[in-house]
Every structure is written in structure tokens, then in C-alpha cells.
Amino acid sequence: RLIRRYLQAGVMMNGVVQQRHEGTPQGGPLSPLLANVLLDEVDRELERRGHCFVRYADDCNVYVRSERAGERVMAGLRKIYGTLKLTINEAKSAVAEAGTRKFLGFSFYTAGGVVKRRVARKALQAYKTRIRQLTRRSGGRSIEQVVERLNAYVPGWKGYFQLSQTPSVFADLDGWLRHRLRALHLKQWKRGSTMFAALQRLGASPSDALVVASNSRCWWKNSQMRLNRALPTAYFDRLGVPRLA
């Protein structure tokens with residue numbers, strides 16, 4: 001009875017409740033629950049055939065040794081789904097090499113004959129987009145407020161993708177984040193005289209502080225080279241900036 005009420009409930013769009021005639025509410029807990037109940041038969045059949053597979057809700061990958069075997073499994077899945085009165089989304093389904101597909105934000109690559117995991121390109125782009133939003137140089141937020149927001153996002157992202165086997169990618173993202181924070185510092189200091197004084201307080205040499213201050217409007221270009229010595233990784237560690245690597 002509860003499930004039926006869930007399915008028959010409408011959705012609110014722009015403050016107006018509208019009736020739904022198919023599907024389940026997106027983002028709700030009911031969809032993966034029903035998928036697990038309904039697709040249990042699919043799981044059992046794949047296990048019976050000895051296939052290596054992984055499924056989350058209605059997203060399923062089956063791993064076989066050849067394209068011919070993949071076509072055979074795909075045909076079998078179409079039959080099983082048909083008996084359940086379900087239709088495979090052909091636009092999102094394919095028989096292909098594992099390295100060309102992604103699953104729950106991960107993709108795969110081969111190194112030394114071993115298949116390994118990495119963060120999919122789309123997930124990396126989404127991460128960088130979010131970091132740009134959190135570290136944008138407008139908005140009047142202090143560096144401490146920016147770090148607080150980063151700590152609300154970065155550790156969770158890191159925890160989700162901790163199974164990734166590409167530590168160099170995480171190290172590069174850490175360096176890119178620190179680059180953005182250095183540029184944010186320069187934007188907040190604004191004037192060359194303020195930059196010079198602030199960098200001197202942080203331990204920068206007079207020559208480094210002078211070069212940075214004399215190019216006070218070149219925030220992104222200035223946030224590397226000499227500024228790295230005044231604002232090293234240890235400085236951001238003391239601020240509590242989260243790391244991926």
C-alpha cells in the first residue's frame with residue numbers, strides 16, 4: 001500500500017503539483033529499492049551462468065572475454081528483461097571494451113595487462129566545475145570561508161572515488177586547487193602595496209614580493225612561480241585545505 005501511494009503521488013514543478021502516469025520519483029529511495037526487488041531474477045540468472053557482473057539499481061555491467069560472448073549475453077538479457085516486461089535502453093547500452101565504458105563515475109584502463117580503475121572524464125569535469133564555483137574570485141568571502149566550503153565537498157568526493165588507481169591525477173588536482181587559492185589571495189589583496197606587505201609577513205623574500213606586487217593584476221599568472229615559495233603546500237595544510245592525494 002505504501003509503495004502504491006508512492007508511485008501514485010504527483011510531482012511538484014514550479015510550485016504546482018502535477019500527476020505522474022509512469023516511472024518513480026527521481027532521486028527518491030523507491031527507485032533503487034524496486035530495482036533490487038525486480039532485478040533479483042536477473043542477478044540470479046547471471047550468477048547461474050557464472051558471469052562476472054556488477055549492478056547498482058538499474059545500471060548493470062557484465063564482463064566477458066570476447067565481443068561474441070558479449071553479444072550472446074546481451075541477447076540473453078533482452079529476453080530476461082522482456083519476461084519482466086522491461087525494456088533495455090538501447091541508447092545507453094552496448095557491447096564494447098571495458099575501457100570505453102563508465103560505471104557510477106568510474107572508467108577503466110589497462111596498465112601492464114591489468115585492468116585498473118580511474119575517475120571518468122565527466123566526473124573530473126564536474127569536480128573542477130564545482131571547485132571553480134567554491135573558489136571563484138568574486139563574492140567577498142574570506143579564505144577561511146572558502147576553505148570551510150571546500151571541506152564540506154572535497155572529502156566526500158575523495159571518499160567516493162578512493163578506489164581510483166590514478167594517484168597522479170589526484171596530485172594534479174591538488175596542485176590546481178592550490179593554484180586557484182593563490183590567485184584568490186592575490187585578488188583579495190588587490191593593490192600591489194598590500195600584496196608586498198602581506199607576502200613579506202608570510203616570509204617571502206623582498207625580490208619575490210616585489211615581482212609579484214609589480215604585476216598585481218595578473219592573478220592567475222602570478223599565482224605560480226615566485227608565489228609558490230611564499231604560499232607553499234605547507235601553508236595551505238595549516239589553513240586546513242583538504243587534499244585528494
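Trainee: Is arginine 78 buried, partly exposed or exposed?
Mentor: Arginine 78 is partly exposed, at 38% relative accessibility. Buried means under 20% relative accessible area, exposed over 50%, and partly exposed in between (1.4 Å probe, protein chains only). This is a predicted model: local features need pLDDT of at least 70, side-chain atom pairs count only at pLDDT 80 or more, and totals for chains, interfaces and linings use all residues. Residues are numbered from 1 along each chain as its sequence is written, and side-chain values use heavy atoms, with hydrogens and water left out.
Trainee: Which residue meets arginine 78 in a salt bridge?
Mentor: Glutamate 90, at 3.0 Å from N to O. A salt bridge is a side-chain nitrogen of Lys or Arg within 4 Å of a carboxyl oxygen of Asp or Glu. Glutamate 90 is partly exposed, at 42%.
Trainee: How many salt bridges by this rule?
Mentor: The count is 7. One of them joins aspartate 43 and arginine 55, with the closest N and O atoms 2.7 Å apart.
Trainee: Is aspartate 43 buried or exposed?
Mentor: Buried, with a relative accessible area of 13%. Arginine 55 is buried as well, at 18%.
Trainee: New topic. What does tryptophan 157 touch?
Mentor: Leaving aside neighbours within four places in sequence, tryptophan 157 is in contact (heavy atoms within 4.5 Å) with residues including Val119, Tyr127, Phe170 and Leu244.
Trainee: And asparagine 61, which side chain does it have a polar contact with?
Mentor: The side chain of tyrosine 63, at 3.2 Å. A polar contact is a pair of N or O atoms within 3.5 Å; within protein, one must be able to donate a hydrogen and the other to accept it, and residues adjacent in sequence count only if both atoms are side-chain atoms.
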